[in-house]
Amino acid sequence: MFDKERIWKGIRKRLDAERVTLRSVLLEFKWKLSLVFFLILVESAIELLIPLFIGFAIDSAINGSYMGALQLGALGVLIILIGGGRRFFDSRIYAKIYRRLGNTMLLKIDGNRSSIKTARLGMINEIVEFLENSLPMLVSTIIGMVGVVIIIASLNLNVFYIGLAATFLVFLIYFLTSNRTTDLNSAYNNEFEKQVDVITTNDGTLLASHLKNMMKWNIKLSDLEVFNFSMSWLVLMAFLVLSIVFSVSTGNVAYGALFSLIIYVFQYIESVIALPMFYQNWLRLKEIKGRLEKL
C-alpha cells in the first residue's frame with residue numbers, strides 16, 4: 001500500500017526545489033553576505049594604505065621617532081583581525097550555501113542520474129569557491145586599480161588617457177571571444193556530466209574516449225586563453241612603452257617622478273591583466289548557473 005503522506009511530501013519537496021534559483025539562495029543569506037562584502041571592502045582599503053604607511057614609518061624613523069613604525073604595525077594587526085575574522089565567518093556561510101544549493105538543485109534532476117548529480121555538485125562547489133576565494137581578490141584588484149589610476153591621472157593626464165584606451169582594447173578582446181568561451185565551457189561540462197556513468201561501465205574504450213574528449217575541450221579553452229592573454233599583453237606593453245615616451249616628451253624628466261609613474265603604470269597593468277581572468281571565470285559560472293537552474 002502506498003504511503004500517500006510520503007508521496008505528497010516528496011512532491012512538495014520537488015516543487016519547492018524547482019522554485020529555488022542561485023539568486024534566491026543567495027538572497028536567503030543577503031545580510032550575512034552583505035557583512036562579508038563590507039569586510040572585504042574594509043580589508044582591501046586598508047591594504048591600499050600599506051605603501052603610504054611605509055613611507056610614514058621611514059620618514060618618522062629618519063626623524064628619530066618610531067611612531068610611524070608602530071602605526072604600520074598596528075595597521076598590519078588590523079588587517080589580520082579583519083581578514084581572519086572574515087574568513088572565519090564567511091567559510092561557515094558558504095558551507096551553508098553549498099549545502100542548500102546542493103540539496104535543492106539535485107532534487108530537480110529526475111531519477112537516479114548519479115553521473116549528472118555528481119558533476120553538478122562539483123559545479124556548485126566552483127560557484128561557492130568563486131564567492132569565497134575569487135570575489136575578495138576581485139574586489140581588492142578593483143580597489144587597487146582605482147587607487148592607482150587616480151595617482152596616474154594626477155601625475156600625467158596623457159598617460160592616463162592612453163591607459164583608458166588600452167584597458168578598453170583588452171576588455172574588447174575578451175568580450176569578442178566571450179561566446180566562444182561559453183560554448184567551450186558548455187561542451188566541457190556536457191562531457192563532465194558523463195564521467196561517473198563512463199567509469200562505472202569499466203569499459204577501457206569508453207573511458208579512453210571520455211578522457212580524450214575532456215582534454216580536447218580543456219585544450220581548446222587553454223588555447224583561447226593563450227590567444228586572449230597574448231593579444232592583451234601586447235596592448236599593455238605598448239601602453240607601458242608609450243607611457244615612457246609621453247612622460248619624457250611632455251617634460252616629465254625628473255628621474256624620481258618618471259620612475260614612480262612607470263611603477264604605477266606597471267601596477268595598473270597587473271590589475272588590468274588580472275580582471276579579464278575573473279571575467280572568464282564569470283562566463284563559466286554563468287553557464288553553470290543556467291545548467292543548474294534548467295529543469
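Colleague: Which residue forms a salt bridge with Arg 100?

Modeller: A salt bridge here is a side-chain nitrogen of Lys or Arg within 4 Å of a carboxyl oxygen of Asp or Glu. For Arg 100, the closest N and O atoms are 2.9 Å apart, and the partner is Glu 28.

Colleague: What pLDDT do side-chain atom pairs need before they count?

Modeller: This is a predicted model, with residues numbered from 1 along each chain as its sequence is written, and side-chain values use heavy atoms, leaving out hydrogens and water. Totals for chains, interfaces and linings use all residues, local features need pLDDT of at least 70, and side-chain atom pairs count only at pLDDT 80 or more.

Colleague: Back to that pair: how many residues apart in sequence are the parts that Arg 100 and Glu 28 tie together?

Modeller: Helices (H or I, at least four residues) and strands (E, at least two) are DSSP runs, numbered from the N terminus. Arg 100 sits in helix 4 and Glu 28 in helix 2 (residues 22–28), so the bridge joins parts whose separation in sequence is 72 residues.

Colleague: Is Asp 90 buried or exposed?

Modeller: Buried means under 20% relative accessible area, exposed over 50%, and partly exposed in between (1.4 Å probe, protein chains only). Asp 90 makes a salt bridge with Arg 87 at 4.0 Å, N to O, and Arg 87 is partly exposed at 38%. Asp 90 has a relative accessibility of 1%, so the residue counts as buried.

Colleague: What separates Asp 90 and Arg 87 along helix 4?

Modeller: An α-helix has 3.6 residues a turn, so residues three or four places apart point the same way. Asp 90 and Arg 87 are 3 residues apart in helix 4, so their separation is about one helical turn.

Colleague: How many residues apart are Arg 284 and Glu 126?

Modeller: Their side chains meet in a salt bridge of 2.8 Å, N to O. Arg 284 is in helix 10 and Glu 126 in helix 5, so to speak a link between distant parts of the chain, with a separation of 158 residues.

Colleague: What is the relative accessible area of Asn 228?

Modeller: Asn 228 lies in helix 9. Leaving aside neighbours within four places, Asn 228 is in contact with Ile 173, Tyr 174, Thr 177 and Gln 280. Asn 228 counts as buried because its relative accessible area is 0%.

Colleague: How far apart in space are Lys 108 and Glu 293, C-alpha to C-alpha?

Modeller: Lys 108 is in the loop between helix 4 (67–107) and helix 5, and is buried at 4% relative accessibility. Lys 108 and Glu 293 are 185 residues apart in sequence, but their distance in space is 8.3 Å.

Colleague: About how much accessible area does the nonpolar patch with Phe 168 have?

Modeller: Patches are made of residues with over 30% relative accessible area and no salt bridge, with like charges joined within 9 Å and nonpolar side chains (Val, Leu, Ile, Met, Phe, Trp, Tyr) within 5 Å. Accessible areas come from the Shrake-Rupley method with a 1.4 Å probe, and for residues only the protein chains shown count as cover. Phe 168 is in helix 6 (residues 157–176) and is exposed at 55%. Together with Leu 169, Leu 172, Phe 175 and Leu 176, Phe 168 forms a surface patch of about 530 Å².

Technical notes
Contact = heavy atoms within 4.5 Å.
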